[in-house]
Amino acid sequence: MNTRPAESTSSQWLEPPRRARRPQKRWFEWGLLSAALLACVVALSCSRGLEHIDLALTDQLARLSEQQVSPEIVIVAIDDKSLAEIGRWPWRRGFHAAVLDRITAAGPRAVGLDLILVEPDHADTADDALLAEAIARSGKVVLPLMLMDRQGTGRLSRMDPAPALAERAAAIGHIHLEIDSDGIVRSTFLREGSGGSWWQHFAAATLRVGGFALPDPLPGERAPAAQQVGAWQRDHWMQIPFAGPPGSYERVSYVDLLKGKVPPEKLAGKYVLVGATAAGMGDAYATPRSGQGELMPGVEISANVMNSLLLDHRLERAAAWQDALFNMLPVALALLAVLLLAPTASLLTCAALLVATLTATALAPSLAGLQFAPTAGLLGVLLAYPLWVWRRLRAAMGYLIEEFQRMETRRELPTMLPASRSGDVLDRHIDALENASEQLRNLNRFVSETLNSLPDATLIADTQGQVLVANQAAYRYFGKQNVTRLRGRPLSELLGGVRRTGTQQPVFDVAQLREHTQPWGSEARDAAGRDLLARFVPCFNTDGLTTSWIASLVDITPIREAERQRDVALRFISHDMRSPQSSILALLELQRLHPAQPMQPDTLGRIERHARRTLDLAEEFVQLAKAESSAYRLQTVDLTDLLDEALDEVWPQAQARQVGLEVQRPEEPALCEADRGLLTRAIANLLGNAVKYGGEKTQVRCAVRRTRDGWQVSVTDQGPGMTLEQQTALFQPFTRLTPDQSTTRGVGLGLVFVRTVVERHGARIEVHSQPGHGATFQFTLAASPSHATAKPPALG
């Protein structure tokens with residue numbers, strides 16, 4: 001009996017239940033996806049697992065809005081202008097007393113003196129009395145205190161203002177800031193203290209002295225009992241709503257106020273904060289409103305805290321449950337959209353939800369005083385659409401594959417002609433196979449192009465070690481060894497010159513292909529001296545058999561060079577920096593053993609020399625690091641001006657050693673493209689070396705002259721000269737050629753700095769010297785393009 005009709009009838013009866021189960025399966029899959037996605041969003045929101053991204057995102061959103069700035073806040077800035085006119089910091093406290101008197105005469109509400117004055121001024125004792133009297137006359141001065149690790153033991157101690165000053169201050173406030181794990185200041189504690197003594201934040205104390213009624217209790221989140229640093233306790237954690245980038249508050253220059261150039265009405269009735277804003281003072285921090293490489297002075301951060309208290313601009317980080325609800329809402333809407341709307345409409349809805357979430361995050365601080373963490377919600381919205389579409393496409397492809405298989409097994413269908421394009425199931429199946437074949441060809445091309453785009457030399461070899469494929473990086477690497485053909489060459493021959501680090505053993509041998517079934521590799525060095533990381537990875541087929549090997553050579557020479565530089569830096573810190581400090585401590589310990597005996601002048605001189613050596617070490621090392629890593633700001637400069645600036649810098653040193661300075665200047669401007677500050681420092685180093693090592697009562701000749709290659713700078717001394725061996729070691733770090741290092745200061749980094757700066761300007765430092773005939777250092781920079789075509793002077 002023929003059973004085909006019955007089988008066909010049975011299939012027809014099975015179709016409706018399958019179609020009926022499809023919506024149920026869709027709802028089940030959507031519910032499972034929704035539960036998993038919402039659970040992940042809640043978990044990420046409550047655990048703060050994406051806090052770094054959240055903080056960075058809210059920082060960027062904060063830049064889109066500007067907060068109101070109170071006109072009652074004025075900053076008296078210790079800026080670069082003041083440092084240039086008054087001199088190097090620290091200044092005499094008599095200056096602070098004079099400035100404070102001028103502020104007092106203007107009639108401010110309160111004065112916050114954001115200066116660390118923890119010890120009496122032993123050099124100018126009368127200045128302490130002047131400053132104390134000025135504070136007393138004002139009656140509205142707030143001084144800062146802080147915690148500091150004095151002995152480098154990690155134990156913090158409180159640094160109070162000098163007693164004579166603290167007694168006359170109207171209040172004392174702490175100036176501590178909270179630095180997040182990414183190095184950015186976003187918050188502070190309004191109350192800190194130990195035992196029964198509490199201090200308000202410097203800004204809050206200044207407001208209270210000025211008569212501003214602070215809310216009780218203070219704003220901010222109450223800190224848990226565990227929020228302690230030793231015995232030091234902190235409370236009322238406050239997020240700082242920064243009003244704008246650095247420079248948002250009105251500033252007057254310290255030196256202008258000292259000279260009486262600031263009208264009194266600018267300070268009358270204002271909260272005046274006196275603090276450092278100069279870049280070199282060190283009191284500056286990264287904030288959410290700082291620009292690229294821009295820091296905000298600590299006194300301006302205090303101004304932002306004061307501004308938020310004055311204008312009642314409160315900002316708190318949302319609680320975990322608030323973040324969870326905030327993030328769940330857009331994700332739930334996105335899940336409903338992908339379920340109920342068409343693909344294009346649901347995609348647009350998800351995009352609109354992303355924009356709405358970012359907008360709500362940006363507006364929440366000003367409207368509700370809350371700072372949400374939106375990354376979990378954004379991630380959930382971003383994943384909702386692709387995950388659901390992926391699942392639906394997966395179901396569609398599974399259905400198509402199932403239908404293709406069923407179609408091939410259903411014998412009752414008539415045979416279709418291969419060339420038929422009627423659009424039936426068989427043709428669509430053929431089209432799908434053609435698409436799959438096209439995808440396979442594209443994948444083959446993708447693998448080939450990906451292999452060629454790899455930055456490291458990569459070879460694919462068979463199980464016998466014969467090269468099958470090589471990428472462009474491999475051709476470039478072996479091309480330096482005059483090897484042009486790679487395919488068909490044995491790996492053992494190509495890698496014969498690559499040896500394991502520290503041995504003469506080859507990094508590769510054919511026998512290793514049979515011994516290893518797992519990836520292996522090691523560090524090696526080739527004949528050219530480059531450090532490499534050789535890796536060999538097997539490739540398997542579906543049966544688990546090895547079919548080929550991938551060999552890669554990663555050039556790690558820059559990494560090893562960086563490690564060598566790190567070792568130099570560690571040696572510098574562990575030995576060169578510690579040695580003079582140890583000597584200072586030894587001298588102090590020796591004095592402590594005999595306290596009744598006065599300290600001898602030569603002991604003070606030794607301590608001073610060791611301290612200055614430490615400063616010289618740090619200064620030269622920092623300058624060298626800056627020369628090696630900083631981005632040079634090139635501008636058109638006159639080398640004659642740079643030479644004059646360098647001469648002014650070394651003139652006192654030359655006068656002390658009775659060294660004459662002879663200068664030869666060109667008649668026309670010596671224009672070139674250079675970093676003014678670094679090149680001036682390099683020329684000053686050359687002049688300083690000539691003065692130090694040229695001998696007393698000698699002459700140093702320096703010149704700027706035109707050559708065919710550009711402008712040449714030369715410095716010649718009348719010192720003892722150098723041998724060729726000494727000239728070879730001259731530009732090595734921590735190298736000093738003088739046998740008596742006690743008579744000359746320096747750490748052996750000055751000429752390394754000169755070489756680095758000159759080479760970064762595209763030139764080369766040259767030295768010409770013979771024993772007993774002095775030395776000449778010179779380099780030549782290309783002339784500025786606008787003057788490069790000028791005719792050089794005739795050479796004799």
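How many bridges join strand 17 to strand 18, and in which sense do the two strands run? Strand 17 (residues 457–461) and strand 18 are joined by 3 bridges and run antiparallel. The model shown is predicted; local features need pLDDT of at least 70, side-chain atom pairs count only at pLDDT 80 or more, and totals for chains, interfaces and linings use all residues. Residues are numbered from 1 along each chain as its sequence is written, and side-chain values use heavy atoms, with hydrogens and water left out.

View 1. Helices (H or I, at least four residues) and strands (E, at least two) are DSSP runs, numbered from the N terminus. Two strands pair if DSSP finds at least two bridges between them. Within strand 18, V469 is the bridge partner of I460.

**View 2. Strand 1, enclosed on both faces.** Strand 1 (residues 73–78) is largely enclosed by the rest of the structure, because 6 of its 6 residues are buried. Buried means under 20% relative accessible area, exposed over 50%, and partly exposed in between (1.4 Å probe, protein chains only). I73, I75 and A77 lie on one side and V74, V76 and I78 on the other, and all are buried. Strand 1 pairs in the parallel sense with strand 12 (residues 271–276) over 6 bridges, and A77 stands opposite G275 in strand 12. Strand 1 also pairs in the parallel sense with strand 11 (residues 250–253), over 4 bridges. In strand 11, A77 has S253 as its bridge partner.

View 3. The whole structure contains 10 aromatic pairs. Rings of Phe, Tyr and Trp (its six-membered ring) pair if their centres lie within 6.5 Å; planes under 30 degrees apart count as stacked, over 60 as edge-to-face and the rest as tilted. One of these pairs is F189 with W237, which is stacked, at 6.5 Å centre to centre and 25 degrees between the planes. This pair links distant parts of the chain, with F189 in strand 7 (residues 185–194) and W237 in strand 10 (residues 232–239), 48 residues apart. F189 is buried, at a relative accessible area of 3%, whereas W237 is partly exposed, at 24%. W520 and W549 form an edge-to-face pair, 5.2 Å centre to centre with 70 degrees between the planes. This second pair also links distant parts of the chain: W520 is in strand 20 (residues 520–525) and W549 in strand 22 (residues 546–555), 29 residues apart. W520 counts as buried because its relative accessibility is 9%, and W549 is buried at 2%. Both belong to one aromatic cluster formed by F508, W520, F536 and W549.

**View 4. Charged ends over tryptophan rings.** The charged end of R191 sits over the ring of W198, 4.3 Å from the ring centre. That of R706 sits over the ring of W711, 5.0 Å from the centre. A charge sits over a ring if NZ of Lys or CZ of Arg is within 6 Å of the ring centre and within 35 degrees of the ring normal.

View 5. Strand 27 (residues 710–717) and strand 29 (residues 775–781) run antiparallel and are joined by 7 bridges. In strand 29, Q778 is the bridge partner of S714.
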